[in-house]
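Subject: Structure handover

Hello,

Here is the structure I promised to pass on. Please open it and keep it beside this note while you read.

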Amino acid sequence: LGGTDYGLQCVIDDQNAIYGQVNLSLPSSGLVRVRFYIDTNGLTMADQDSFPVARLETLADWICQVRLEYESSAYYLTPSVQDDTSSAWEVGKTSVSDGVHYVEFLIEQASTDTSADGAFTVWIDGTYQGARTTLDNYDYQDAVDRLIMGALAGIDAGTSGTIYLDELVIRSDDTEIGPNPTYRAKKRHLGQAIGLGLKIGF
C-alpha cells in the first residue's frame with residue numbers, strides 16, 4: 001500500500017484506464033476465491049462518481065467486479081456479478097471509511113450449462129455482505145481469462161488522486177483467505193514474482 005515496496009499504485013490524473021492484469025484459466029473445481037486490499041488514500045471524487053477497481057473477466061465481458069463509488073461525501077465498495085445472459089446484480093454495497101480495507105469474494109460456477117446453481121458471495125473487512133445465488137453462470141465462468149485491478153474504466157472528470165491495491169490472493173477452493181495481519185510489518189505485496197504482488201493457489 002502507500003509507502004510500501006510492492007503493490008499497485010494507480011495515479012489518476014486523466015480519464016484513461018490504469019491497471020495490472022493476471023491471466024487465469026478456470027480450475028477444475030469451478031471455484032475462484034479472491035482477496036485484495038484497497039487504500040482509497042483520500043481520492044478526490046465528485047458525488048456519484050464511480051469506477052471498477054477489480055474485475056474477473058472473459059475475453060469479451062466481465063464476470064464479477066468491485067466498484068469504488070462516492071455518494072453523499074462517503075466512499076462505497078459495490079460488488080456485482082453477471083450471468084450468462086449479461087444480467088447483472090449488485091451484492092453487498094458497503095460504506096467504507098477513507099483508508100485501507102480488504103475485499104474477499106467467492107464465485108462458484110453453475111454445475112452444468114443448463115443449471116442455475118452458481119453463486120457469488122462477498123465479504124468486506126471480514127464481514128459477510130451478501131450473496132447472489134441461483135446464477136446461470138456456467139458459460140461465463142468457463143471462459144474466465146484474467147483478473148484485472150486498478151482504475152479500470154469509466155473514470156469521471158471529477159475523480160483524481162492516487163489509490164493503492166495490494167495483497168492479492170487467488171484460490172481455487174472455498175477456503176477463507178481472510179486478512180494478512182502482518183502485511184504492514186513484512187511489506188509483502190502484490191506480485192514480487194511478476195510485478196503485481198499476488199499469490200495464486202490454483
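First, a term: a polar contact is a pair of N or O atoms within 3.5 Å; within protein, one must be able to donate a hydrogen and the other to accept it, and residues adjacent in sequence count only if both atoms are side-chain atoms. The side chain of E57 makes such a contact with the side chain of R146, at 2.6 Å.

Some background. This is a predicted model, in which local features need pLDDT of at least 70 and side-chain atom pairs count only at pLDDT 80 or more, while totals for chains, interfaces and linings use all residues. Residues are numbered from 1 along each chain as its sequence is written, and side-chain values use heavy atoms, with hydrogens and water left out.

Back to E57. It lies in strand β4, residues 50-57. (Strands are DSSP runs of E, at least two residues, numbered from the N terminus.) E57 is buried, at 8% relative accessible area. Buried means under 20%, exposed over 50%, and partly exposed in between, with a 1.4 Å probe and protein chains only. Contact means heavy atoms within 4.5 Å. Leaving aside neighbours within four places in sequence, E57 is in contact with W62, I63, A143, V144, D145, R146 and I148.

Next, strand β13, residues 161-171. Of its 11 residues, 9 are buried, so the strand is largely enclosed by the rest of the structure. Two strands pair if DSSP finds at least two bridges between them. β13 pairs with β1 (residues 8-12) in the antiparallel sense, over 5 bridges. There, Q9 stands opposite Y164. β13 also pairs with β3 (residues 31-39), again antiparallel, over 6 bridges. Here Y37 stands opposite D166.

Now the core. A nonpolar core is a set of buried Ala, Val, Leu, Ile, Met, Phe, Trp, Tyr and Cys residues joined through side-chain atoms within 4.5 Å. The largest one has 43 residues. F36, F51, V53, L56, F120 and L165 have the most contacts inside it. Strand β5 gives the largest share of this core, 5 residues.

Last, two loop residues. Most residues other than glycine have a negative phi. S72 has a positive one, near 50°. S72 sits in the loop between β5 (62-71) and β6 (74-82) and is exposed, at 64% relative accessible area. D125 also has a positive phi, near 55°. Its loop runs between β10 (118-124) and β11 (127-135). D125 is partly exposed, at 34%.

Best wishes

Conventions: Helices (H or I, at least four residues) and strands (E, at least two) are DSSP runs, numbered from the N terminus.
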